[in-house]
Amino acid sequence: MVRYFDPEKDSSRGACTLSYSQQKQRRKKRQEIAERARVQRAELSYEDAFEKAKQDAFTILDYMARSRKDLIERLAKKGYQPDVCADVATRCEELGVINDRELAYSLLRDRFERKGVVGKALYQELFRKGIPHAIAQEIVHTIDSDAVATRCDELVAKRARALPEGLSDDKIRQRLTAFLMRKGYSFDQINHSISSYFHSYND
């Protein structure tokens, strides 16, 4: 049986019919509500704020694993005081629900194995996720040089197949070099992988 909805009774489904000014007004109202909630959280006693922030932290972490720094920043945006944010993050570490090193290794597997990101580019991605400098540097240097060379060769072959037909060798080299530099590979490694590709391709 076909069911119809009444836009006057089901406001959520009728939202798409709102005018631009109505949508803008609704966004403003949501922002005002969020701001009032931030003010209320900032005025809570330490004990009440800690418990509420801890529950908010669990909700945040249910959605996605995050670093200590990222979690603190998200709690701060909700209006919690700095000491509450830091203490809740510490408690989460004690409970094992946040672990910067484990998160860094998880990101390494995703960025290197799936996307082929290495070196400085990988470090920057880890740092943007809130991974501390020392851990990010350590994780980047765990990648074996042979694995880096193999991954670079794979990316060259895959990217070259995706380039438009009819490009000159120089154009192909330029595009592959720019692509691999964005991935964080060294210039020497890029030259070696591209030269190997052309050698095998011409053979």
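This is a predicted model: local features need pLDDT of at least 70, side-chain atom pairs count only at pLDDT 80 or more; totals for chains, interfaces and linings use all residues.
Reader: Fine. Which residues does Ile 131 touch, then?
Author: Leaving out residues up to four places away in sequence, Ile 131 touches Ser 67, Asp 100, Leu 103, Ala 104, Leu 107, Leu 126 and Ala 136.

Reader: And which residues have the most contacts inside the largest nonpolar core?
Author: Ile 131 is one of them, along with Leu 122, Leu 126, Ile 143, Leu 176, Leu 180 and Tyr 185. That core has 32 residues.

Reader: Which elements give it two or more residues?
Author: Helix 5 (100-114), helix 6 (119-128), helix 7 (133-140), helix 8 (145-162), helix 9 (169-182) and helix 10 (187-202). There is also a second, separate core of 15 residues, with Ala 49, Leu 61, Leu 75 and Val 88 among them.

Reader: Stepping back, how many helices and strands are there?
Author: Ten helices and zero strands.

Reader: Why is the protein called more spread out than a compact globule?
Author: Because its radius of gyration is 25 Å, well over the 17 Å that the globule rule gives for 203 residues. The C-alpha trace spans about 70 × 50 × 35 Å along its principal axes.

Reader: How much of it is buried?
Author: 32% of the 203 residues count as buried. The protein exposes about 13,900 Å², and carbon and sulfur atoms supply 50% of that area.

Reader: Last topic, charges. How many positive and negative side chains?
Author: There are 38 positive and 32 negative ones, and the centres of the two sets lie 8 Å apart.

Key: Residues are numbered from 1 along each chain as its sequence is written. Side-chain values use heavy atoms; hydrogens and water are left out. Helices (H or I, at least four residues) and strands (E, at least two) are DSSP runs, numbered from the N terminus. The radius of gyration is taken over C-alpha atoms; the globule rule is 2.2 Å times the number of residues to the power 0.38. Buried means under 20% relative accessible area, exposed over 50%, partly exposed in between (1.4 Å probe, protein chains only). Accessible areas come from the Shrake-Rupley method with a 1.4 Å probe; for residues, only the protein chains shown count as cover. Lys and Arg count as positive and Asp and Glu as negative; His and the chain ends are not counted. The place of a charge is taken as NZ of Lys, CZ of Arg, CG of Asp or CD of Glu. A nonpolar core is a set of buried Ala, Val, Leu, Ile, Met, Phe, Trp, Tyr and Cys residues joined through side-chain atoms within 4.5 Å. Contact means heavy atoms within 4.5 Å.
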